[in-house]
Amino acid sequence: MAIELPKTFDPSQAQKKWLAVWEQRGYFHSDPDPHRQPFSIVIPPPNVTGALHMGHALNNTLQDVLIRWRRMQGYNALWIPGTDHAGIATQSVVERLIFTHEKKTRHDLGRAELVKRIWAWKDKYEARILEQLQALGASCDWRRTRFTLDPVCARAVRETFFRMFRAGYIYRGQRLVNWDTQLQTSVADDETYTEETPGSFWTFRYPVDGQPGVFIAFSTTRPETMLGDTALCVHPADERYKHLIGQHVIQPHTGRKIPIIADGLLADPTLGTGCVKVTPAHDPNDYACWQRHPEIGIINILNPDGTINDNGGEYRGMDRYKAREAVTHKMQELGLYVGQEQRIIPLKFSDRSKTPIEPYLSDQWFVKMSDRDDGQPGLAQMTMDAVTTGRVKFFPERYARSYLDWLAEKRDWCISRQLWWGHQIPVWYKTEQQPPEVFRMVAEPTPRALQPFLRTRPGIAISWQNKPHRAADDFNVDFVVCLAPGNDDIEAALEADGFTRDPDVLDTWFSSALWPHSTLGWPGPTLPENRPDRTPADWEKLRQYYPTSTLVTSRDIITLWVARMVLMGLYNVGEIPFHHVYIHPKILDGFGETMSKTKGNGVDPLDIIEIYGTDALRYGIVKIATETQDARLPVSNICPHCGQDVPVKQEHMYMRTKKLACPACKKEFRPGGPWPTDDPERPTAKQGSDRFEEGRNFANKLWNAARFLLLNLEGYRPAPVDPAALPTEDRWLLSRLATTTQAVTAALEAYKFSDVARLIYEFVWSEFCDWYIEMSKGRLKDDTTRPVAQRVLAGAFDGILRLVHPVMPFVSESLWEALGQAAPQRGLPAPTPAEEAACIARWPSYPQQWISPPVETRFARMQHLVRGVREIRNRYQVEEKIKLDVRVKCSDAVAADFNALAAFIGPLAGIATLTAGPQITKPRQSGTLITAEFEAYVPLAGLIDPVAEAKRLEKQLADKRKALENTQNKLRNEKFVANAPAEVVQQQREFVAEIEKQIALLEENLKDLQSN
């Protein structure tokens, strides 16, 4: 009895069914097995700042393609999922939400309450993120889900900090950092962005001390920083100022005398006045100058919130921008104001709060990246060597340059953040009086609270600095104590004795840098899990998955994350964390901006899944994963009332527009977007994009091919087939199947995902469905040829489902189940029992001898002829029911091929008679196809009216030329090009290119018609 599928594929039902089946059967569970080669991936943990967007869908789909493929190849495939606490990003989102709804700051709530609120946010969005990943079909081992603040990861963070502190790689120092005054924390260079911003350029002058009437002028964009000036600087060769070098000027706001110094690196005599003010605590270039001239001193004038501190004298307590106005006004009153210009200034902003960054002198914790004092390579060099020696390889290779260039600077890594959400730094401080005899009796003084533990507990590291309290009396000793994990009793003893814990938390990238080994349970031993659905991470057993195989990530975090994971893997484990780093392109919004949860321009993949299905989404984003180009994703709002597509405009982005009226039904809705809360007054639109139509159509094409196949498998009996004895069309199909399988496998090996989608699509849609199935229909009706045709169809479709599965798992799994009912034993050349699920089926591999270039060449020639005849039929609008005569001028060998395949060519091209050979001549009034190997002529006499056809073509040409002229005139209009949205201008240019092609084709048709 034939198996009959429903007429259409239902993606939502398939997703619901197979997600449950896969999980119930534990197909994605991976446990250590010494007899199988591991293939492991750790997920780049999404931030719990909000729901995932299409950029995450791209990243995780590509990982899933790899893990499903390797699992099918027989590897012991482990994909570890998880999420990142994302300290500064998550805290800023929650703080902003609290202030919006409650008008309260974190200081109003207190540390404990704010952290409690953030944990609630984390629980909500972590669940949403994991739900989204599962909906995407991510075949993770969900038992091993980790979170960067969970006990396993927290222990790894503490252990790493302790080891690096004890070894001298971590230190505390005062440095100039990027300061976010809104969040009141330092941020990394990579967490800032620069925008060209309208601003002012003021010029002032300072009086030279002891020389009445002599002044020296300078310019600045931040007048308030004059309060922290410690010098004026000129170029040593500038003749205008040589006589003043070494003199002093009076800083008029504070009365300080500050020196005039010479520094050729800071001052440029060709710019402005040639003199610059030096404010080391508030400018990186000035800070570098101070390091070269430490005698000038350094003065911080800001409080953490951006107000002026006590060093600002009369301006103390003012916001820095108010102080800017006041300082400028005072200079005007003193007659020291020269002028002001309006300029565009490159201004640095915090990517987290979107507020201007202040260079700020601050005490922070750092990881030392430079080479060691003994001349051995330091952490940066060690991390660079991992790539230059080929142990870690980048795909595409060019991204290794970003990694190496950044590390080559060997800048120390600031790892502390002034936040409340994150891993609190495991360091305690106390100043303790100790008698002088301690320093005579022991080399290292010990805090009293630690003395009971030192001999029995190794996880304690102490640094100290002593200062005499009084002559011949007790010493004040500043103790700094760092504790390894598992020392809760020592922590309690320290705090009971008056020690204070450092309030800062670690930079998020510190904990995520440990991700490849912390998720596997490093450093051990195994910690218990508090959830029955989670498996404890046993480092001793899971160690065989490390190094992991591949990291799939974005270029944005090569320096922030990739380099640091290599560093920490080498430092903690002594091995690289992964062998390959694949950098995928970025999905941009419809206006070319990078999608971001904090910006609010992300597209929820669940919207796309609901409209098009997961397989369509996955196919669409695999196809755009090229090596060279980011991809824009224009979307429409789908009206929740009537389903009308409403194009998204730029003003709708970033959650700026809270309501829209549908142009069709006139009802209001909220535009789609990553809104943190529901709107009680109006529904929120889903967002769709025609980018995913092709994937949906491809899934339907597969479904319809399977329906045909299953209806024609009645009476199927498995048996071996002899490829050499198969008819030509079967040998062609097997050659193309083997060739495609080789090409897809090679593309996956090289991370050429777009090629994978293209190769599968072209083979399945065109060669299998449009050509082979059509050619098989006659044989399936003949009892003598039907059995072999069934076996080849079932075997080839089995291979197709295996190839398709990593990209489109739900439709392939559904069809695998149906094919298993009709043909439980199948395969080529000999049938075998099929695996119970596509996701655990063997990856296909076919004999090299199946590949036959001569057979493929013959079929390619036939396909070219068929397509050419079809194109001529369409060009001259000849009805499908009319059979055409075709004459082909070619060599005898090519003619023999065409004659051998005539039984297929006729039905495929709608041909009545096919005549081929070298003696053929072109008939009058013929459509023509010319190739390197043959010329085909389709006589049209009697099928078309030449005069009427010529008139029709001439009218079409006139219309096309008029449309072309109108569009070209629009593009010649400079105002239109300058003012219209970039995407509109591009659409017009693409229209010109397309219409020019149409005109050329019409002209060719008319010329051909008139020549006959």
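Two strands count as paired here if DSSP finds at least two bridges between them. Keep that in mind while looking around this predicted model.

**The whole chain**

Let's start with the big picture. The chain holds 29 helices and 37 strands, and its C-alpha trace spans about 115 × 70 × 60 Å along the principal axes. Of its 1012 residues, 55% are buried. The accessible surface comes to about 43800 Å², and carbon and sulfur atoms account for 51% of that. Take the contacts between residues at least 6 apart in sequence: 76% of them join residues at least 24 apart.

**A four-stranded sheet**

Four strands form an open sheet in the order S35-S34-S37-S36, and the pairing is mixed. Strands S35 (911-917) and S36 (926-930) sit at the edges with a single partner strand each, so one side of each has no neighbour in the sheet. From one strand to the next, the twist averages 15 degrees.

Strand S34 (residues 884-890) runs parallel to S35, and six bridges pair the two. Along that pairing, Leu884 is opposite Ile911 in S35.

**Strand S9 and its partners**

Strands of a sheet pair through backbone hydrogen bonds, either parallel or antiparallel. Strand S9 (residues 231-234) gives you an example of each. With strand S12 (residues 275-278) the pairing is antiparallel, over four bridges, and Leu232 stands opposite Lys277. With strand S11 (residues 257-262) S9 runs parallel, joined by three bridges, and here Val234 is opposite Ala262.

In a regular strand the side chains alternate between the two faces of the sheet. In S9, Ala231 and Cys233 point one way while Leu232 and Val234 point the other, and all are buried.

The largest nonpolar core has 231 residues, and Met54, Phe161, Phe510 and Phe797 have the most contacts inside it. Helix H21 (residues 753-780) gives the most to this core, with 15 residues. Leaving aside neighbours within four places in sequence, Met54 is in contact with residues including Ile587, Met595, Leu617 and Phe692. Another core, of 31 residues, lies apart from the largest one, and among its members are Tyr206, Leu302, Val327 and Tyr360.

**A buried glutamate**

Is Glu358 buried or exposed? This residue of strand S14 (residues 357-367) has 5% relative accessibility, so Glu358 counts as buried, the cut-off being under 20%. Its side chain makes a polar contact of 2.6 Å with the side chain of Arg320. Not counting residues up to four places away in sequence, Glu358 touches several others, including Trp179, Arg222 and Leu302.

The table lists two cis peptide bonds and two positive phi values in residues other than glycine.

| Site | Backbone feature | Loop between |
|---|---|---|
| Gly524 to Pro525 | cis, omega near -5 degrees | helix H14 (515-518) and helix H15 (539-542) |
| Leu828 and Pro829 | cis, omega about 0 degrees | strand S32 (825-826) and strand S33 (832-833) |
| Gln184 | positive phi of about 55 degrees | strand S5 (170-180) and strand S6 (185-187) |

Notes: Residues numbered from 1 in each chain as written. Predicted model: local features only at pLDDT ≥ 70, side-chain atom pairs only at ≥ 80, totals over all residues. Heavy atoms only, no water. Axes fitted to C-alpha atoms, helices over the stretch in contact; angles between N-to-C directions. Buried < 20%, exposed > 50% of the residue type's maximum accessible area, 1.4 Å probe, protein only. Polar contact = N/O pair within 3.5 Å; in protein donor to acceptor, adjacent residues only side chain to side chain. Contact = heavy atoms within 4.5 Å. Core = buried A, V, L, I, M, F, W, Y, C linked by side-chain atoms within 4.5 Å. Areas by Shrake-Rupley, 256 points an atom, 1.4 Å probe, with all protein chains shown as cover.
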